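Subject: Structure for your review

Dear colleague,

Please find the structure below, followed by an account of what was found in it.

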Amino acid sequence: MAMTLNVKAALLSLLLLACALGAWQLAAMPPGSASGPGAAARTAADDEYAKLMGKTASTQKTSGLPTLGQMGETMARHLSDPFYDNGPNDKGIAIQLGASLARVGAGYGLAALIAIPLGFLIGMSPLMHRALDPFIQVLKPISPLAWMPLALYTIKDAAISGIFVIFICSIWPMLINTAFGVAGVRREWLNVARTLEVRPLRRALLVILPAAAPTILTGMRISMGIAWLVIVAAEMLVGGTGIGYFVWNEWNNLSLTNVIFAILMIGVVGMLLDLMFARLQRAVTYRE
Amino acid sequence: MTTEAFLSVQGLSKTYPRAGGGEPLPVFEDVSFGIERGEFVCIVGHSGCGKTTILNILAGLEEASAGFVFMDRREVRGASLDRGVVFQGHALMPWLSVLQNIAFAVKSRWPDWSRARIAEHSRRFIALVGLAGAEDKKPAELSGGMKQRVGIARAFAIQPKMLLLDEPFGALDALTRGVIQDELLRICASTHQTVFMITHDVDEAILLADRILLMSNGPRARVAEIVRNTMPRDRTRLTIHHDPQYYRIRNHLVDFLVHRSQLIQQGGTDLQSARAGEPAREVTPGLEGEPPSRPAQPSAIPAIPETHP
């Protein structure tokens, strides 16, 4: 009766998880593994055929989906040794995720370095706003992967092309939100700065930046979300290392267990990144 | 005449372009007055007569369409640390604490001061407005009256040559307002601060001001009359209404606001006020012997042709 909302929500979440896992287990069970006619009707010829096909007789016919047990085993194996490196196509999950995060960090960092000052300029100058607006409006809706061929052709380096794609996809929300936040700084705060003869740089850093920080951080959070979405697709294209390449590689290996594991890891890392930005956002938000 | 004054405003007017085209009308025109050093001057008038615009021009935040402002024999161009402004909406930075808000201003005024010196100076002014103990609170944690006190402390802390207050107590309840008015009087008396203040409140003007500028209604508003407050300067909120002068001044102001400010705008004859182009007359309604300005009877209002813009 006296359960708080949080406890209720947690219980409901667990229930849903149990249902999902149960459905998975049912779907993954080999058809007729119990005592169906299939098992009974298996003859020596079938076993022979299976051997010829490179499968041992002991290999059971499965639905293709891994069972929960197999899944758990794979996860335990990957997580127990995340940093191994057995050559280009066999690296630990942490190395793969690290490679992706490094690319995202580089592309995103570059985008922030350009988008935030440029956003300041656009937000403070109506002239720049009008002059640059057409470019932004045209470039913004382009899918970042559409840049990939052009990037590969001009940069001639797959790794840097990947970073470029992250750069181009994360720049727009940051740019637009920074410009919006800066343009929306309350007139009275700027007037206070004027009556105190605050120098432009000090005004930008101590008045406009903190005033616009919540809006800027919102843009940065959206950008990070997009960058993490795009990195998987980009790495599928450029190959090498990275979680996106790992997913593609394991698909080629027909290892669904590894694919599912990688998907889960992408989700967890994305959630952690978002949580980090939510924390930052809370830190700079002020109450009026 | 006014060139001798500490602050001198000459022939100020402001015209905004009209939204629908057509002939733009000045909000106010030919506004001239002077303020002596250490004087407290209030400006009273109806909404839309351009009081805030005048204050912003004095602060250097807006440009006049015509006319000049001199302070200390130098023309006012752009905002300056010489003129502290207390804004109508307190304008505190919500991400800074009370102390940081004031330290920001102090640091702007004296960039070379050490951190400790800035903090000490800021604390002194926080204590002056009775907010000691609230230094580390954010503005959102303060009541309206406390926020406005921080705004006042910030303006005083930079020790400007002149203080400009834009209806600082407009949003406060009557009790809080009274307390802060007393504080303001006390601080101004101890620092000999020159103050220019906008108010809607006639009683506030009488309590605080040495002289009260009366503005006619806009557009084409003017400073129609200057009322000298002849009551002794040590007046307080508790005793002021025992002075017979108080009622004479108050009646004069209310009469102006209710009847005459309109008449002047509509071009009607108002013999007590200066005509356009002449400097505003100074009157002393508080003193006995001055002809009492009776509220005009309805029949005394001349018929007004319906031709005003």
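In chain B of this predicted model, residues 24 or more positions apart account for 70% of the contacts with a separation of 6 or more, a contact being heavy atoms within 4.5 Å. Chain B has seven helices and 11 strands; helices (H or I, at least four residues) and strands (E, at least two) are DSSP runs, numbered from the N terminus. Of its 309 residues, 53% count as buried. Here buried means under 20% relative accessible area, exposed over 50%, and partly exposed in between (1.4 Å probe, protein chains only).

Residues are numbered from 1 along each chain as its sequence is written, while chains are lettered from A and ligands numbered from 1 in the order in which they are written. As the model is predicted, local features need pLDDT of at least 70 and side-chain atom pairs count only at pLDDT 80 or more, whereas totals for chains, interfaces and linings use all residues; side-chain values use heavy atoms, with hydrogens and water left out.

I turn next to the interface. Contacts join 22 residues of chain B to 17 residues of chain A. The two chains bury about 1,800 Å² between them, 68% of it on carbon and sulfur atoms; this is the accessible area (1.4 Å probe) that two parts lose on being put together, summed over both. On the side of chain B that touches chain A, β6 (83–86) and α2 (98–109) each supply at least two residues, and α2(B) gives the largest share, four residues. That side divides into 14 nonpolar, four polar and four charged residues. In this division Ala, Val, Leu, Ile, Met, Phe, Trp, Tyr, Cys and Pro count as nonpolar, Asp, Glu, Lys and Arg as charged, and the others, Gly among them, as polar.

Ser108(B) is placed in helix α2 of chain B. Leaving aside neighbours within four places in sequence, Ser108(B) is in contact with Leu196(A), Val198(A), Arg202(A) and Leu81(B). Ser108(B) counts as buried because its relative accessible area is 9%.

Between chain B and chain A there are zero salt bridges (a side-chain nitrogen of Lys or Arg within 4 Å of a carboxyl oxygen of Asp or Glu). Over all chains, by contrast, the count comes to 22.

Several salt bridges in chain B deserve mention. Arg123(B) and Glu135(B) form one at 3.7 Å, N to O. Arg123(B) lies in helix α3 (residues 115–128) and Glu135(B) in the loop between α3 and α4 (144–157), so the pair ties together parts 12 residues apart in sequence. Arg123(B) is partly exposed at 40% relative accessibility, whereas Glu135(B) is buried at 12%.

Another joins Asp203(B) and Arg250(B) at 2.7 Å, N to O. This pair links helix α6 (residues 202–208) to helix α7 (residues 244–265), 47 residues apart. Asp203(B) is partly exposed at 27%, and Arg250(B) is partly exposed at 28%.

Lastly, the cysteines. The whole structure contains zero disulfides, a disulfide being a pair of cysteine sulfur atoms within 2.5 Å. For Cys42(B), the nearest cysteine sulfur, that of Cys188(B), is 10 Å away. Cys42(B) is buried, with 0% relative accessibility.

Yours sincerely
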